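Good morning, and thank you for coming.

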Amino acid sequence: MDIAQRRSLNFRFLAEPTDVNFGGKVHGGIVMKWMDQVGYACAAQWSGRYCVTVSIGGIRFKRPILVGQMVTLRAQIVHTGRTSMHIYISVLASDPKINAMVETGHCIMAFVASDEAGYPVEVPSWEPASERDLALEKYAIQAKESAQSLDKQLQSTLTDE
C-alpha cells in the first residue's frame, strides 16, 4: 500500500432506523461514534499501531442525516507530530438512488499511537503535497493550539479557586 492509500480511509453504509433520535434524524452521538471509528482505523492504518483518541475538535453538524441515506465518512491524515496524528473527517450523505453526496458534517481528531504497555510510540511523519493539504494542516495546527490554550486557561482558573 503506497503512502497516499495509507493516509486516507473511507467508511460507507446505510443509515438505519436504530441510528435515529426522537426527531427521526440520525443522532449526533451516533455520528460522533462513526467519526471515532473511521478516525481510529485511519490512525492505525497510518501508524501500524493501536491508537487512542486524544481529542476531537471543530465538530460541525451542517445537515441532518436521514434513515436510508448512504453515509460516507472520509478520514485523512492532515498533520503528524512525534507520536500523534491529526485526522480530518468529513461526513457525507446521499440518497443511494441518486448518489448526489452532500457534506453533513466534519471534525478534526487527534490520535496517539501506543505500544502494548500503553506508552506513546513514534509515528511516520506526513508532509503536505497540495494547497488543500496545506490548508488542512494549518487548520489542524490551529485546532491543536486553540485546545492547548483553552486547557491552560481552565487549569489556571481551577487552581485559583
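Two strands count as paired if DSSP finds at least two bridges between them. Strands (E, at least two residues) and helices (H or I, at least four) are DSSP runs, numbered from the N terminus. The model is predicted: local features need pLDDT of at least 70, side-chain atom pairs count only at pLDDT 80 or more, and totals for chains, interfaces and linings use all residues. Residues are numbered from 1 along each chain as its sequence is written, and side-chain values use heavy atoms, leaving out hydrogens and water.

In what order do the strands lie in the open sheet? The 5 strands follow the order β1-β3-β4-β5-β2, with antiparallel pairing. β1 (8-14) and β2 each have a single partner strand, so one side of each lacks a neighbour in the sheet. From one strand to the next, the twist averages 20 degrees. Between β1 and β3 (residues 70-80) there are 7 bridges; S8 has Q76 in β3 as its bridge partner.

Helix α2 (residues 28-47) lies across β1, β2, β3, β4 (84-94) and β5 (102-114). The helix runs at about 135 degrees to β2, an angle taken between N-to-C directions on a scale from 0 to 180 degrees, with axes fitted to C-alpha atoms, for helices over the stretch in contact (heavy atoms within 4.5 Å).
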